[in-house]
Amino acid sequence: MSFKHFAAILFFVAFQVVTAQTIYKDSVFSKVTKTTYTYGKVENESLQFDYYKADNSQKNLPLVIFVHGGGFSGGTRNDYYTMAFANKLAQRGYAVASVSYRLTMKDIGFGCDVEATKKIEAFNSASHDVSLAIRYILDNNKKFNIDSNKIILAGSSAGAETVLNMVYVYDNNMLPTNFKYAGVISMAGALSTLDKINYNNAIPTQLFHGTADNLVPYNFAPHRFCNANDKGYIMLYGSESIAEHLKNLETPYYFHTIKGGSHDWSYLPMTTYFEEIIDFYITMSFM
């Protein structure tokens with residue numbers, strides 16, 4: 001057998017191995033590039049996101065917007081779990097933007113002695129900032145090459161509260177009027193109200209929550225379990241309440257309960273249930 005024929009056989013076998021892998025499902029790209037962009041300036045604070053994209057990936061990428069947790073007083077867009085999660089997604093062909101936002105509760109806290117109105121303001125200021133980042137990407141899409149119909153929000157803890165608020169409560173005037181998210185993923189998040197969720201605005205929603213979460217209620221309870229006479233008293237509706245509401249509307253949702261799970265499940269789904277997250281992305285992005 002000549003070298004030429006042998007090389008042709010090797011190429012054929014290698015081609016079969018590559019095509020056996022499925023983009024968006026399997027890790028098909030080995031090298032990922034992370035680039036940091038400043039997407040805006042709010043109240044004299046420059047805001048940035050890290051953009052992850054596999055080298056040699058195609059155009060019209062599905063985009064995952066990830067929002068970190070930290071009680072609106074801490075947390076970073078480039079912690080270990082977030083970076084590992086973003087890299088794994090990019091290796092499968094997704095673009096990922098991990099977004100920083102104003103930490104409006106820094107040095108204030110988020111306890112029962114903080115006025116309820118300030119808590120709502122924290123939800124909305126984070127929603128504003130992340131929306132501004134999305135608008136930056138859409139306005140500069142020749143650079144980012146994303147498919148605007150395949151943008152999925154994902155968040156952890158305060159980030160989960162932010163993305164749920166963006167989808168179901170926040171009055172957004174920064175994005176195009178016909179814009180709609182492809183889906184939302186909440187890891188130990190909650191909403192301040194269910195009243196604004198209806199059949200027309202409900203989108204595919206994936207929820208992860210531990211039943212023993214002592215920070216964000218699994219079902220519904222006062223935020224931080226404050227008493228009714230506390231300044232910080234505000235009801236929050238966690239994953240079980242949201243899932244039940246979506247069920248009644250007969251709209252698509254995925255709800256994973258972790259029995260006895262603590263607030264650690266605000267980040268553990270990124271590793272423990274990564275494949276379930278991927279399945280959700282695939283199903284929702286390409287419906």
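Reader: Is cysteine 112 buried, exposed or partly exposed?

Author: This is a predicted model, in which local features need pLDDT of at least 70 and side-chain atom pairs count only at pLDDT 80 or more, while totals for chains, interfaces and linings use all residues. Residues are numbered from 1 along each chain as its sequence is written, and side-chain values use heavy atoms, with hydrogens and water left out. Buried means under 20% relative accessible area, exposed means over 50%, and partly exposed lies in between (1.4 Å probe, protein chains only). Because the relative accessible area of cysteine 112 is 24%, this residue is partly exposed.

Reader: With which residue does cysteine 112 form a disulfide?

Author: A disulfide is a pair of cysteine sulfur atoms within 2.5 Å, and by this rule the count comes to one. The sulfur atoms of the pair are 2.0 Å apart, and the partner of cysteine 112 is cysteine 226.

Reader: How many residues apart in sequence are the parts that cysteine 112 and cysteine 226 tie together?

Author: Strands (E, at least two residues) and helices (H or I, at least four) are DSSP runs, numbered from the N terminus. Cysteine 112 lies in the loop between β4 and α3, and cysteine 226 in the loop between β8 (220-222) and β9 (235-237), so the parts tied together are 114 residues apart.

Reader: Is the disulfide of cysteine 112 and cysteine 226 left-handed or right-handed?

Author: The handedness follows from the torsion about the S-S bond. This torsion is about -95°, so the disulfide is left-handed.

Reader: How many salt bridges does a search of the whole structure find?

Author: Side chains of opposite charge can pair when their charged atoms come close. A salt bridge is a side-chain nitrogen of Lys or Arg within 4 Å of a carboxyl oxygen of Asp or Glu. Searching the whole structure gives a count of six.

Reader: Which residue forms a salt bridge with lysine 25?

Author: The N to O distance in this salt bridge is 2.7 Å, and the partner of lysine 25 is aspartate 279. The pair links distant parts of the chain, 254 residues apart: lysine 25 is in the loop between α1 (3-20) and β1 (32-42), and helix α8 (residues 274-285) holds aspartate 279.

Reader: Is glutamate 43 buried or exposed?

Author: Glutamate 43 forms a salt bridge with arginine 102, the closest N and O atoms being 3.3 Å apart. Arginine 102 counts as buried, at 9% relative accessibility. Because glutamate 43 has a relative accessible area of 64%, this residue is exposed.
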